[in-house]
Amino acid sequence: MRILFILLLSFSVSGTLIAKEKTIIKTKNKIPNRLIDYKTFQNTVNSSSEEREAKRLTEEEFLRMIEKEDVILLDARSESRYKLRHIRGAISLPFTEFTKESLAQVIPKLDSKILIYCNNNFMGSPQAFAAKAPAASLNLSTFVSLKAYGYTNIYELGPLLDIQTTKLPFEGSEVE
């Protein structure tokens, strides 16, 4: 009987500790910061996933679109990687520099046609296009951030291309 009492007491105490730990975690996660809104971020990701998939372009489609005058080709990689190699005509605005003001300087109209690409679109140039983990691909973050800032006409290079065989034209210090 005494062993049963000790076991029940142990379970009771451990259950209380687990409940307290869950309360602490819930309380800890409710730290207010009006400049961080994870719920809206999640909603933006979820609500734009089908649109993003529909606006992923083949190499040929991307080539045709970059030739149009009303298109903005945005390279959101770091400035150092952009300088090494980028698609000719691309505008550099590193993702870490995205603000309402910096985006408005590069893309003044929210309905502008924007083409994006990232490290994970190219192989064969590990310095300029260092691959990221697939779930951390810069295209994903760039698309979602542009949507969060109100841009509505975003297209993304879809495939993984070899820099030696792609038809996309490059420029930069690694190319010259």
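The model is predicted, so local features need pLDDT of at least 70 and side-chain atom pairs count only at pLDDT 80 or more, while totals for chains, interfaces and linings use all residues. Residues are numbered from 1 along each chain as its sequence is written, and side-chain values use heavy atoms, with hydrogens and water left out.

In H2, show Phe41, Thr44, Val45, Ser48, Glu51 and Arg52, which meet Leu140, Phe143, Val144, Lys147 and Ala148 of H6 (contact means heavy atoms within 4.5 Å). By class, this contact of H2 with H6 has six nonpolar, two polar and three charged residues.

Select next arginine 77, in the loop between strand S2 (71-75) and helix H4 (79-84). Arginine 77 counts as buried because its relative accessibility is 2% (buried means under 20% relative accessible area, with a 1.4 Å probe and protein chains only). Its side chain reaches the backbone oxygen of arginine 85 at 2.5 Å, and a polar atom of the arginine 77 side chain also lies 2.5 Å from the backbone oxygen of alanine 128.

Return finally to helix H6 and select threonine 142, which is buried, with a relative accessible area of 3%. Leaving aside residues up to four places away in sequence, threonine 142 touches Ala76, Phe95, Phe98 and Ile116.

Definitions and conventions: Helices (H or I, at least four residues) and strands (E, at least two) are DSSP runs, numbered from the N terminus. Ala, Val, Leu, Ile, Met, Phe, Trp, Tyr, Cys and Pro count as nonpolar, Asp, Glu, Lys and Arg as charged, and the others, Gly among them, as polar. Buried means under 20% relative accessible area, exposed over 50%, partly exposed in between (1.4 Å probe, protein chains only). A polar contact is a pair of N or O atoms within 3.5 Å; within protein, one must be able to donate a hydrogen and the other to accept it, and residues adjacent in sequence count only if both atoms are side-chain atoms.
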